[in-house]
Amino acid sequence: MNYISIQDIDSLSKWVKSALKIKKNPLKNQDLGKNKTLGMLFFNPSLRTRLSTQKAAINLGMNVMVMNFTNEGWTLEFEDGAIMNSGASEHIKEAAEVVSQYCDIIAIRAFAGLVDKEKDYAETVISGFLKHATVPIVNMESAVRHPMQSLADAITMEEYKTKHKPKVVLSWAPHPKALPQAVANSFVEMMQMQKDMDFVITHPEGYELSPEITKDCKIEYDQNKAFENADFVYVKNWSNFNDYGKVTNIDPNWTVTAEKMALTNNGKFMHCLPVRRNVIVTDEVIDSENSIVIQQANNRTYSAQLVLQKILKKM
């Protein structure tokens, strides 16, 4: 069993219920991972992802090994048939098989390069490990998806929803740097699995996500209109998809303010973190009682623990 996409979940509602049970008693299965090792490979920096996944593994009694390819290890080559006479020192074929001998599960984090859209959407790093590793692979965020985050988001919304069919808004917000589309993509895919929620995506014209991801989702270019009567407002920047990896809009009018949140149905503010204050969202909003970003971050442990637990039970 691998966990690469939120679509690997057979029943989101059942998974969410299971995660909430784990949250009530996180040490119940602390012997499940005894004598098992989780190898965590980071090709990009992390705070919540590393610590929450490591905590989840510890809760299950696993040993954990962490390697940062940003400043440790060899540069990897992922192309089949490559003539390795330049930067890369080791091929994914050997690396994945070797790591598989040391670990029972491999968890990987690798961001989009935001230069070559086809390469990013081919998921070069994750695909390489899936092809050559001999143990289960867990996606801790890839070029295109962040399924650990979207599962945690589903858990959080289940905890805080107050009516049967809440309205959920995914809103773009400005950012000085080009950011990956992974969080937004996985949130959209997660919301498409929700049968009891209304969902709207809002962003400036030209900032559409991949049509293969959004499919028939409702898109509203007027942010204020989208916010009306919303029960949850999930805010995230993503770089331009068509003019790939570029920042073509930094309009501060898309920053989430208290005035905009006043349009909602006492809506909860959500963000995956880290967040640039007073660029993405004002202090007044993120520090308010309706901000549940810290609770979201806490649920990252239980989304990771559920994934690891399900994989361990299949071993």
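Which residues does the UniProt annotation "domain: Aspartate/ornithine carbamoyltransferase Asp/Orn-binding" cover? I looked this up first. The unreviewed entry gives residues 183-308. I keep in mind that this is a predicted model.

**Entry: the annotated span**

I took the ends of residues 183-308 and checked their C-alpha atoms, which lie 20 Å apart.

I then went to one pair within it. Strand 7 (residues 167-171) and strand 10 (residues 232-235) run parallel and are joined by four bridges. What is the bridge partner of valine 169 in strand 10? I read off valine 233.

**Entry: helix 6 against helix 7**

I moved on to helix packing. Helix 6 spans residues 147-160 and helix 7 spans residues 182-191. Their axes come within 8 Å and cross at roughly 50°. The crossing of helix 6 past helix 7 is right-handed.

I listed the residues that make the contact. Helix 6 supplies Pro147, Gln149, Ser150, Asp153, Ala154 and Met157. Helix 7 supplies Val183, Ser186, Phe187, Met190 and Met191. I sorted them by class: seven are nonpolar, three polar and one charged.

**Entry: helix 1 against helix 6**

Helix 6 came up again, this time with helix 1. The two axes come within 10 Å and cross at roughly 75°. Helix 1 and helix 6 are therefore roughly perpendicular to each other, since 65 to 115 degrees counts as such.

From helix 1, I noted Leu12, Trp15, Val16, Ala19, Leu20 and Lys23 in the contact. From helix 6, I noted Leu151, Ala154, Ile155, Glu158 and Glu159. How many polar residues does the contact of helix 1 with helix 6 have? I count none, against eight nonpolar and three charged. I also marked Ala154, which is listed in the contact with helix 7 and in the contact with helix 1.

**Entry: helix 1 against helix 12**

Helix 1 (residues 12-24) also packs with helix 12 (residues 293-313). The angle is about 110°, and the axes are 9 Å apart. That makes helix 1 roughly perpendicular to helix 12.

On the helix 1 side I found Trp15, Ser18, Ala19, Ile22 and Lys23. On the helix 12 side I found Asn298, Asn299, Tyr302, Gln305, Leu306, Val307, Gln309 and Lys310. The classes here are six nonpolar, five polar and two charged.

**Entry: the binding-site annotation**

Last, I checked where UniProt places the feature "binding site". The unreviewed entry names Ser46, Leu47, Arg48, Thr49, Trp74, Arg109, Cys272, Leu273 and Arg300. These positions are spread over 255 residues of sequence. They are also spread in space, up to 30.2 Å between C-alpha atoms.

I placed two of them. Leucine 47 is in the loop between strand 1 (37-42) and helix 2 (48-59). Arginine 48 lies in helix 2.

Note on methods
Residues numbered from 1 in each chain as written. Predicted model: local features only at pLDDT ≥ 70, side-chain atom pairs only at ≥ 80, totals over all residues. Heavy atoms only, no water. Axes fitted to C-alpha atoms, helices over the stretch in contact; angles between N-to-C directions. Helix = DSSP H or I, 4+ residues; strand = E, 2+ residues; numbered from the N terminus. Left-handed = near helix turned anticlockwise from the far one by under 90°. Contact = heavy atoms within 4.5 Å. Nonpolar A, V, L, I, M, F, W, Y, C, P; charged D, E, K, R; others polar. UniProt positions renumbered as here; feature names shortened; annotations may be inferred. Pairing = 2+ DSSP bridges. Parallel < 35°, antiparallel > 145°, perpendicular 65-115°, else oblique.
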